[in-house]
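Welcome! Please take a moment with the sequence and the 3D view below before reading on.

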Amino acid sequence: MALRTVRLDEDTEKILEQLVEGTGQSISTVLKQGLLALRDRRTAQPEKTAYDIYQELDLGEGGYAIAPSTETRRGVQEAIRRKVRR
């Protein structure tokens, strides 16, 4: 069994005291139950996939690419030609 030192701010300390008094359990038991609840909540809710995050991003209008990503060589050549013409 490991011994841990935890620093709590005043609000969290008050919540811990309320839970200990309300449940009649020890501080260790309340903290263990909190850790177990957090673990269960994380496994119950799958984390967002990269695609989910991408869908939420506001990337603006777009449509300004010179060439598709499959033709980067042509796009770079066109960008250089445009720059040299200035």
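The report below covers salt bridges, a surface patch, a pocket and some distances.

## About the model

This is a predicted model, in which local features need pLDDT of at least 70 and side-chain atom pairs count only at pLDDT 80 or more, while totals for chains, interfaces and linings use all residues. Residues are numbered from 1 along each chain as its sequence is written, and side-chain values use heavy atoms, with hydrogens and water left out.

## Salt bridges

Searching the whole structure turns up five salt bridges (a side-chain nitrogen of Lys or Arg within 4 Å of a carboxyl oxygen of Asp or Glu). One of them joins the side chains of D40 and R39, at 3.4 Å from N to O. D40 is partly exposed, at 41% relative accessibility. Here buried means under 20% relative accessible area, exposed over 50%, and partly exposed in between, with a 1.4 Å probe and protein chains only.

E71 and R74 form another salt bridge, with 2.7 Å from N to O. E71 is partly exposed at a relative accessible area of 35%, and R74 is partly exposed at 41%. A further pair is E78 and R81, at 3.1 Å from N to O. Both lie in helix α4 (residues 72-85), three residues apart, which is about one turn of the helix. Helices (H or I, at least four residues) and strands (E, at least two) are DSSP runs, numbered from the N terminus.

Next, look for Y51, I53, Y54, L57 and L59, which make a nonpolar surface patch of about 560 Å². Patches are made of residues with over 30% relative accessible area and no salt bridge, with like charges joined within 9 Å and nonpolar side chains (Val, Leu, Ile, Met, Phe, Trp, Tyr) within 5 Å. The areas come from the Shrake-Rupley method with a 1.4 Å probe, and for residues only the protein chains shown count as cover.

## The largest pocket

How much space lies in the largest pocket? About 460 Å³, where a volume is the space filled by probe spheres set on grid points joined across faces, edges and corners. A pocket is an open set of points on a 1 Å grid over the protein atoms alone, where a 1.4 Å probe fits, with protein on both sides within 12 Å along at least five of seven lines; lining residues have an atom within 4 Å of a point.

Of the 13 lining residues, R4, V6, S28, L31 and K32 are the closest to the centre of the pocket. Helix α2 (residues 27-44) gives the largest share of the lining, six residues.

## Distances along the chain

L35 also belongs to helix α2, and L35 is exposed, with a relative accessible area of 61%. From L35 to G75 there are 40 residues in sequence and 53 Å in space, C-alpha to C-alpha.

T72 is in helix α4 and counts as partly exposed, at 49% relative accessibility. T72 and R85 are 13 residues apart along the chain, with 20 Å between their C-alpha atoms.
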